[in-house]
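Here are some notes for a first reading of this chain. Please keep the sequence and the structure open while going through them.

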Amino acid sequence: MAFKIFDASVGGRRRQTEPTIIVQPDLRIRLSAKAAEILQAAGASRVLVMWDASAHKLALAATPDTDLRGYRLGYGKLGGAKFPAKAFLKKIGWNQESMVRLTANVTKGTLETVIPSEYLEPAPDEKASPGVRRKKPER
């Protein structure tokens, strides 16, 4: 029987070469080593989470420890980072039960990504057709 070489870069864990934002099923946001490196270089101990609802854009910006609007970042031993984002993800209508990876663009030390609408519940005003009145239930 001949041996076949198993390439570790195909099926195993590998280091991300581009900044990636990962939304986990437990509603934590994890950052790849590259993304965490960008925020750490900006001196981030907390991160501001910014949301553009009309464009479905998420932005993460470094903020000092004194800015209590920011989420506290936990840096990992292998270079990544994570923070709890349950309230934020519920507010925007996150509907995924599996892990989702989103490639981020870097703009002036801020990580930006677009969340596809398939990962979000429709906004309340998008659920009903405009101009259509619902009938009141009969008493």
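Predicted model: local features only at pLDDT ≥ 70, side-chain atom pairs only at ≥ 80, totals over all residues.

1. The chain has four helices and 10 strands. Read from the N terminus, the order of these elements is α-β-β-α-β-β-β-β-β-α-β-β-β-α.

2. How much of the chain is buried? Buried residues account for 33% of its 139 residues. The chain exposes about 10,200 Å², and carbon and sulfur atoms supply 52% of that area. Of the contacts between residues at least 6 apart in sequence, 55% join residues at least 24 apart.

3. Helix α2 covers residues 33-41, and its buried residues are Ala33, Ala35, Ala36, Ile38 and Leu39. Just after α2 comes Gly43, with a positive phi of about 80 degrees.

4. Which strands pair with β7? One is β2 (residues 28-31), which pairs with β7 in the antiparallel sense over four bridges. Another is β6 (residues 74-75), which is antiparallel to β7 and joined to it by two bridges.

5. The strands β6 and β7 form a hairpin, with five residues between them. Within the turn, Gly79 has a positive phi of about 110 degrees.

6. His56 sits in the loop between β3 (46-52) and β4 (57-63). What does His56 touch beyond residues up to four places away in sequence? The list is Trp51, Thr113, Val114, Ile115, Ser117 and Leu120. His56 and Val114 are 58 residues apart in sequence, yet their C-alpha atoms are 5.7 Å apart in space.

7. Asp67 is in the loop between β4 and β5 (71-72). Is Asp67 buried or exposed? Its relative accessible area is 14%, and buried means under 20%, so Asp67 counts as buried. The side chain of Asp67 makes a polar contact with the side chain of Arg69, at 2.9 Å. Leaving aside neighbours within four places in sequence, Asp67 is in contact with Arg46 and Leu48.

Note on methods
Residues numbered from 1 in each chain as written. Heavy atoms only, no water. Buried < 20%, exposed > 50% of the residue type's maximum accessible area, 1.4 Å probe, protein only. Contact = heavy atoms within 4.5 Å. Areas by Shrake-Rupley, 256 points an atom, 1.4 Å probe, with all protein chains shown as cover. Polar contact = N/O pair within 3.5 Å; in protein donor to acceptor, adjacent residues only side chain to side chain. Pairing = 2+ DSSP bridges.
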